[in-house]
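Please examine the sequence and the model before reading on.

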Amino acid sequence: MSQDLFTSSHGFNSVLRGEERTALRLYLKYADKLLQRFNEWKGIDRFYFIPIKLNMAFFCLGGATAIAYPPYFIGTILRNSLEHPDLFGTKCQCGQQAYGYSYNGSPLSGRVDISSACPHCGTHIETMESGWKIRSNTLRESQKKERWRIAKIRLLHPRFQPATIQELLKFIGLSDEDLALPLEERKITRTDLGNGSVCAEYEAVSGSIYSKLNFFFK
């Protein structure tokens, strides 16, 4: 893991492997429980600033833009969802509020794809909304406001290292058995868009955990 966690510019989509892939899969699987117990760990820097490689960038014709600044921290993403459920959530089928834990979309069309989880019943929900700009502005402003906390960590703990997501999940009560993940089924689909442009779609499925990355290139 990078020593200087807070200045990394490497946050755009990539096909993750090893520990980073495992961390993302655990985050996607247990987002509902992390939301449910958020108040118990939000004040612990080692947990709040765990970086997670979310698919939050839009790629087109060799360029990329992200809905928020990388690196992405678990605490930042979930806190925004809880504070702005109108922007980063939806109603669950159980009647309670579900909160977003991953966002993507297109600044060109304004579309936002939101992955949400209900901390009440554990249901995971995929929705598509309009309003990319307002959500992007909200996330980025929130990241700016956290700079004081990051500056304090740098000053007092120059060798700061975040916890792993496994440590966070154990902190909220999960067991080693809960953290064991099944093997994934992976698929890559390439589509010729014409004019020399290609869309490559990477999909991975493991039980109820599903993730997808889209790449556009020439």
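## Basis of the model

The model is predicted; local features need pLDDT of at least 70 and side-chain atom pairs count only at pLDDT 80 or more, while totals for chains, interfaces and linings use all residues. Residues are numbered from 1 along each chain as its sequence is written, and side-chain values use heavy atoms, with hydrogens and water left out.

## The chain as a whole

The chain contains eight helices and nine strands. Helices (H or I, at least four residues) and strands (E, at least two) are DSSP runs, numbered from the N terminus. Of the 218 residues, 46% are buried, a term for a relative accessible area under 20% with a 1.4 Å probe, counting protein chains only.

Strand β4 covers residues 97-105, and nine of its nine residues are buried. Strand β3 (residues 89-91) runs antiparallel to β4 and is joined to it by three bridges; two strands pair if DSSP finds at least two bridges between them. Here K91 stands opposite Q97. Five residues separate β3 and β4 in a hairpin, where G95 in the turn has a positive phi of about 100°.

Strands β4 and β5 are also antiparallel, with six bridges. G105 has V112 in β5 as its bridge partner. This hairpin too has five residues between its strands, and G110 in the turn has a positive phi of about 85°.

## Residue S115

S115 lies in strand β5, residues 111-117. The residue is buried, at a relative accessible area of 13%. Beyond its neighbours within four places in sequence, S115 is in contact (heavy atoms within 4.5 Å) with Y99, G100, Y101, S102, I125 and E126.

Notes: Buried means under 20% relative accessible area, exposed over 50%, partly exposed in between (1.4 Å probe, protein chains only).
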